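This report concerns a single protein model.

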Amino acid sequence: MRPPATPRERSVPEPAPGPEATDGSHRAAPTPPDAPEAADGTGATSDPAPRAAQEPPTPAASPEPPTTVSRKQAAKAAATSPDPTTGRSPQPPTATATQPPTATASDPVTATASDPVTAASQESAATASEEASVRPGRAATARAHHPTAREPSIAPAPATTPEPSGSAPEPPVTDLSDLAPAAWPARAAAAWPALPLLVALALWVYATRHTDVSALDDFGLVSALHPTFWAGLAVLTAGFWFTVRDRRRPGAWSLAYVLVLLVMERATQALLYPTPLYAWAWKHDAVIDHLLTSGGLQGADRLGDMAVYDQWPGFFAAQAALVRLLGVDNAAMYMAWWPLVSSVLLLLPLLLIYRTFTEDRRLIWTAVWLFCVGNWVGQDYFSPQSVAFALHLGVLAVVLRRYGRSGGPHGRQGQAVWTVLLSVLVTAIVVSHQLTPGMLVVTLVALALTRRYRDWVPAVTTVVIFLAWCLTAALPFLSAAMPDMIRSIGDIGANVETGYGTTPTGTGAVATSWAARLLSGSVLLLALAGVVRQRVLRHRALPLLLIAAAPLPMFAASSYGSEMIFRVLMFMLPGAAFFAAAALLPKVRTLAADAAARDTAPPSPATRARPRRVPLPALPRPRYGVWVPLLVLLAGTLAFVPSYSGKDRVNYFPPREVALVQQLFDQAPDDSLVVAANRNYPLAYEQYWRVDHYWFLDDDRRHVDEIVRDPATVLARDMAAVEPPARAYFLLTRGQTANSEMNGQLDRAQLDRIRESVASSPAFELVAENDGGVLYVLTPAS
């Protein structure tokens, strides 16, 4: 005798169309006595109820061949199929108890109802319950579309269907993609980086509104800043670090943090100071004014030492055109904001350079951040150097991305187009600045010596354009300066030695100098640690290592006015910042390493067959790999402020000082002479094509000592060569005093003695005086 079939093996007759309800909705027919019934409301087939509650099956009915159908379809088919012996729909069984039986694992119970409508409602409710569990949120819509559906009078008791031995239990059916997302928590988690940004900006705005720069001390802007400025920098740095470490965050958040950092670093001075900083910026404004006035270039016979600017006129000609285009009086109307503009210009070439070697956003944006805080040298002011440096990075970006061998034949398509673009960028550099082309040449030669960039087109193009300019337009200046340049080649000690008047003195100046040295030294040490720690970068990002090391030979070329060490640090910074960022991060990825890993390590069959697991969110734990780099990053960000703004007492000129100097040039006749301690005052080169200047602290030390011993007599003798109607003026301002004190030339007592001697001498006549300085004129009799 054949044993009874299990629930999975039970044969089910083919479903027949059931009667249709009069209201247009399909209603299930009563369940026949010989058909199994869904007892758990999920479509699972249970064992038949006890024989006392069912009618015996008709012997004449022969079972159909077994067919594989779902349990839900089997229950529905059994409920709607007619009796095979009579052709009628069977009547529902009569309940034997008033209370529904309790389901157990060994005795599942069939749900009962008092009439066929109730039975159909139960079956419909069970189906709706299953659909609601699979696709939540749609059951309510289904009920709304069928308002006549009734709820079951008796909820079916859950039952457990025994599974046959040897078969794995079926997992619950759950479609997570249809789950309604938690909109507010998800949006809040995605937008949390905006909170530190807004807090930092609010603290910065409050600090700028409560900072007084009317009386700066030896620490410059550092001691004048409101404490909320430092708090804003700390909040910004912490927010950036935790944002950039999260791989799920898009790069737009990191870009926003870097832009806010630049605003706090470079725009603070533009908002706090009513006049532009840096005497050199005022000097460049005078050169632009000369181009607008004369309408052309002039030689050394007319301009003397200032002819060098007419022989490298690229930046000044472009700014003269910009002044005309904007319709302003002069470049001083906007040059206070130039540090911010020039710093933003560096971001695009930096990103292109870094993305050439890695797609790791953590490494890219951390390197950009370190570059911004390490670039304290101050060459971002209104100067040809600021634009030439951005163009320098643009040339490197083109060479690294379009002239490498790693890209194959596809990477070398359109080579002529890129060579033309390269030539345009190099020409703009060559006609604007003297030093940057030399730095670019040594860097391109270093890259061409490697196997990856063995293409001499960029280096040869740069050398040809550079020599062509030097042998034509710049030849007058180079002919005069060439003997001194040749003598300085190879004299590294003299080139890096600080000369007279360039040694910081005073507590504030010394502290500022050490902050700058420690900041640069820390970036270089971190870069060295990154080279040692990240082994993959030593090979994959070798060109960036060469870019960081290439400027070092320039120490042997020239002293560049005792500024060569600062320029070398600036040109090393793009490569050094990349490796310094690598030292602060865990294992980083490179483009070549990722491609090699995908090619050489295909997934194994076991790995492909393994089901994907959804990782659970881990609770944050304090780790040294998170907090130590954050503290390093925060220390560097805070150290930037004294390194960059610690000498604002020297670089800032109050409006009263500007007005005093402007009064001088408004009344000075042509060929007049202005004598001052040094060139650190506003409008120092104003109308330099018709007024001469003499700064006695730039003279020989013995002559300076003579002036200190007998100021009025020696100065009157030096100024007596001016012939009428020209006049000779003596100008001593607050900026000259601050510069002389902080750079170790003459202290305040010595400068006060010179001023008192001139004031008491009958050879000088007072022209103007205010809290910004004094102006005297040599009398004609003297």
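The model is predicted.

Strand β3 covers residues 728-733, and six of its six residues are buried. Cover is found on both faces: Ala728, Phe730 and Leu732 lie on one side and are buried, as are Tyr729, Leu731 and Thr733 on the other. In general, side chains of a regular strand alternate between the two faces of the sheet.

Strand β3 is joined by bridges to β1 and to β5. The pairings are listed here.

| Partner of β3 | Residues | Bridges | Direction |
|---|---|---|---|
| β1 | 672-676 | four | parallel |
| β5 | 773-778 | five | antiparallel |

Towards β5, Leu732 stands opposite Val774.

Pro725 sits in the loop between α32 (711-719) and β3. Is Pro725 buried or exposed? Pro725 counts as exposed because its relative accessibility is 69%, and the cut-off for exposed is over 50%. The C-alpha atom of Pro725 is 8.6 Å from that of Asp671, although 54 residues separate the two along the chain.

**A nonpolar surface patch**

Leu271, Trp337, Val341 and Leu345 make up a nonpolar patch on the surface. Together these residues have about 350 Å² of accessible area. Leu271 belongs to helix α8, which spans residues 251-272. With a relative accessible area of 45%, Leu271 is partly exposed.

Methods:
Residues numbered from 1 in each chain as written. Predicted model: local features only at pLDDT ≥ 70, side-chain atom pairs only at ≥ 80, totals over all residues. Heavy atoms only, no water. Patch = residues over 30% accessible without salt bridge, like charges linked within 9 Å, V, L, I, M, F, W, Y side chains within 5 Å. Areas by Shrake-Rupley, 256 points an atom, 1.4 Å probe, with all protein chains shown as cover. Salt bridge = Lys/Arg side-chain N within 4 Å of Asp/Glu carboxyl O. Helix = DSSP H or I, 4+ residues; strand = E, 2+ residues; numbered from the N terminus. Buried < 20%, exposed > 50% of the residue type's maximum accessible area, 1.4 Å probe, protein only. Pairing = 2+ DSSP bridges.
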